[in-house]
Amino acid sequence: MYVCMCHAVTEDQVKKAIDGGANTPRQIAKGCKAGTDCGSCVRRIQALLGEHGARPCPTARLAAKLGLADSEVPAAPAPAPAPVLPLRAA
């Protein structure tokens, strides 16, 4: 299956790059150019990195938090809302 249509990069090629030591989408791009043109494949590359034990980048975590990620990346808990204080009359 193709991961990057712009440069005809397959999932197997990305997995081989990961097995070869690539830990980030940028490191994968250095070897096969995947993710360097339109960028639509970067989420899938991040998911493959996560599946192979690499630490997902912040963009992948944000995509998971927004429900846009393909992989199961744990989202960070949302911060507590700031308290609303009543206005004082002057």
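**View 1. Four helices and two strands make up the secondary structure of this predicted protein model.** The protein has 90 residues, of which 27% count as buried. Its accessible surface comes to about 6600 Å², and carbon and sulfur atoms hold 56% of that area. Among contacts with a separation of 6 or more, 43% join residues 24 or more positions apart.

**View 2. Here is the largest nonpolar core, a set of 13 residues.** The members that touch the most others are Val3, Val9, Val14, Ile18, Ile28, Ala34 and Ile45. Strand S1, helix H1 (11-19), helix H2 (25-32) and helix H3 (42-51) are the elements that each give two or more residues to this core. Which of them gives the most? That is H3, with three residues.

**View 3. Take a closer look at Val9 and the residues it contacts.** Leaving aside neighbours within four places in sequence, Val9 is in contact with Tyr2, Val3 and Cys4, and also with Val14, Cys32 and Ala34.

**View 4. Our last stop is Ala8, in the loop between strand S1 (2-4) and strand S2 (9-10).** Is Ala8 buried, exposed or partly exposed? Ala8 is partly exposed, because its relative accessible area is 45%, which falls between the 20% limit for buried and the 50% limit for exposed. Not counting residues up to four places away in sequence, Ala8 touches Tyr2 and Gln13. Ala34 is 26 residues from Ala8 in sequence, and their C-alpha atoms are 8.2 Å apart in space.

Terms used: Residues numbered from 1 in each chain as written. Predicted model: local features only at pLDDT ≥ 70, side-chain atom pairs only at ≥ 80, totals over all residues. Heavy atoms only, no water. Buried < 20%, exposed > 50% of the residue type's maximum accessible area, 1.4 Å probe, protein only. Contact = heavy atoms within 4.5 Å. Areas by Shrake-Rupley, 256 points an atom, 1.4 Å probe, with all protein chains shown as cover. Core = buried A, V, L, I, M, F, W, Y, C linked by side-chain atoms within 4.5 Å.
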